[in-house]
Amino acid sequence: MSEYDEFEKQLLNNREERLAEHGKVRRHSHKKRSRSHSRSRKRRSRSRDHKRRSRSRSRSPKKCRKKKAYKYWDVPAPGFEHITPLQYKAMQAAGQIPATPLLLPSVAGEVPAAPTQALVVGSQMTRQARRLYIGNIPFGATEEAMLMFFNTQMKLAGLNQAPGDPILAVQVNLDKNFAFLEFRSVDETTQAMAFDGILFQGQSLKIRRPHDYQPLPGMSEAPTVHVPGVVSTVVPDSPHKIFIGGLPSYLNEDQVKELLTAFGPLKAFNLVKDSSTSLSKGYAFCEYVDVNMTDQAIAGLNGMQIGDKKLVVQRASVGSKNAAQGAVTQAPVALQVPGLGPTQVQHSGLPTEVLCLMNMVTAAELAEEEEYEDIVEDIREECKKYGCVRSLEIPRPINGLEVPGCGKIFVEFSSILDCQRAQQALSGRKFASRVVVSKYFDPDKYHRREF
């Protein structure tokens, strides 16, 4: 081998040794880097675990906190306290309440302001449903007196639905003789309609809805209660509404009421008057508290002679008219006067010599001897003006016993003609501030004292 070949071989060997050495160093550095990288990863993992453990150790155990009551949810707006969520949504759908109320801007760090604009709008939207018109108020009535009167009546009748006064304000117009009441809730406003016809300082008040009233969805428009002693001036259409025609024009409301209350307390009454003259048109409508009195009142009053007129009394509803007439012709109906025993009413037949006068005296008045003698003398002297009086009977009360005919007056005339003249003259007149009711009586029962 030549020197050149040996030199080439030596170079090749040196190169191979350098390459081998270089590869070993690279493998060593790679291992070194991988080891350091894994060690750093382990170090980071241990530090994270350490931080987690330190945080977990620093935390205190969880406490069971009570759920706070909502401060802003489900809080009703003023005027909507008695409206259910469904009714509120129905009002929103009808456009009576804004569906997206505006919010007031809130201060940083504080709770956003409540939608006060929606509350004000809601209160204004229900205001027309929370107001009542009061007509026929007495002259000189003050707002304070009416406010105290109606708040007291609401409490006495048990119509308050929450503590406090239900009426917020009263506006009186003395020039036009009316007032407006504003209530705190819609329900209490509706129930106060039951006071229509109530007496205030001696005058019967007329209670109505204002002209701008619009019914709220899902709310009742009529009161569900009847206040004892209060006779409404509006008689709603019903099967028990009674028509009374043939009334003499000189009879006023109180006189017609007295005639009707002989059969029981009234729930509603309206004497129809001419708007220009305020005089009676000769007919009225009524309804009794006890609907069972409807047929009895029709049977007792229909055909009754008052002055020179005969009453026409029937159900106001056309469909019930025939049924009422059928009830009258099928069987006699017992006439009941408060405090008196029942007696059979004669619906037809010829006049007799005996006249029965009712609604003139009470059992308490007949109990006193002196007053009883004055009553007998007054009635005898008046009846003598129309003919010869044969006898006069006024049954008096006896303690512990039920006396038939107590409170009625029986007058026997010498002839039927005299009895007719007395009946036409006395019917409808007033005796001791009561309207006289009369009818012919069977002479045989009179002599047998079957009163």
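In which loop does Arg 130 lie? Arg 130 is placed in the loop between helix 3 and strand 1, and the legends begin with this residue.

The structure is a predicted model, in which local features need pLDDT of at least 70 and side-chain atom pairs count only at pLDDT 80 or more, while totals for chains, interfaces and linings use all residues. Residues are numbered from 1 along each chain as its sequence is written, and side-chain values use heavy atoms, with hydrogens and water left out.

**View 1. Arg 130 and its partners Glu 182 and Phe 183.** Arg 130 and Glu 182 form a salt bridge, with 3.6 Å between the closest N and O atoms. A salt bridge is defined here as a side-chain nitrogen of Lys or Arg within 4 Å of a carboxyl oxygen of Asp or Glu. Arg 130 belongs to the loop between helix 3 (116-127) and strand 1 (131-135) and Glu 182 to strand 3 (residues 178-183), so the pair ties together parts that are 52 residues apart in sequence. Helices (H or I, at least four residues) and strands (E, at least two) are DSSP runs, numbered from the N terminus. Arg 130 is buried, its relative accessible area being 3%, and Glu 182 also counts as buried, at 16% relative accessibility.

View 2. Across the whole structure, the search finds 14 salt bridges. In one of them, the closest N and O atoms of Lys 155 and Asp 165 are 3.0 Å apart. Lys 155 is part of helix 4 (residues 143-156) and Asp 165 of the loop between helix 4 and strand 2 (167-173), so this pair ties together parts that are 10 residues apart in sequence. Lys 155 is partly exposed at 47%, and Asp 165 is partly exposed at 40% relative accessibility. The side chains of Lys 385 and Glu 382 also meet in a salt bridge, at 3.0 Å from N to O. Lys 385 is exposed, with 60% relative accessibility, whereas Glu 382 is buried, with 18%.

View 3. Asn 173 has Phe 178 in strand 3 as its bridge partner. The hairpin has 4 residues between its strands, and Asn 177 in the turn has a positive phi of about 65 degrees.

**View 4. Strand 15 and its two neighbours.** In strand 15 (residues 354-358), 5 of the 5 residues are buried. Val 354, Cys 356 and Met 358 point one way, while Leu 355 and Leu 357 point the other way. Strand 15 pairs with strand 17 (residues 409-413) in the antiparallel sense over 4 bridges, and Leu 357 has Ile 409 as its bridge partner there. Strand 15 also pairs with strand 20 (residues 437-441), again in the antiparallel sense, over 5 bridges; Leu 355 is partnered by Tyr 440.

**View 5. Rings around Phe 149 and Phe 150.** The whole structure contains 13 aromatic pairs. Among them, Phe 149 and Phe 150 form an edge-to-face pair, with 5.2 Å from centre to centre and 85 degrees between the planes. Rings of Phe, Tyr and Trp (its six-membered ring) pair if their centres lie within 6.5 Å; planes under 30 degrees apart count as stacked, over 60 as edge-to-face and the rest as tilted.

View 6. Gln 255, Val 256, Leu 259 and Leu 260 are buried in helix 6 (residues 253-260). Seen down the helix axis, the buried residues fall within an arc of 135 degrees, so they line one face of helix 6; the arc is that of the directions from the helix axis to the C-beta atoms. At the start of helix 6, a side-chain oxygen of Asn 252 comes within 3.2 Å of the backbone nitrogen of Asp 254.

Key:
Buried < 20%, exposed > 50% of the residue type's maximum accessible area, 1.4 Å probe, protein only. Pairing = 2+ DSSP bridges. Polar contact = N/O pair within 3.5 Å; in protein donor to acceptor, adjacent residues only side chain to side chain.
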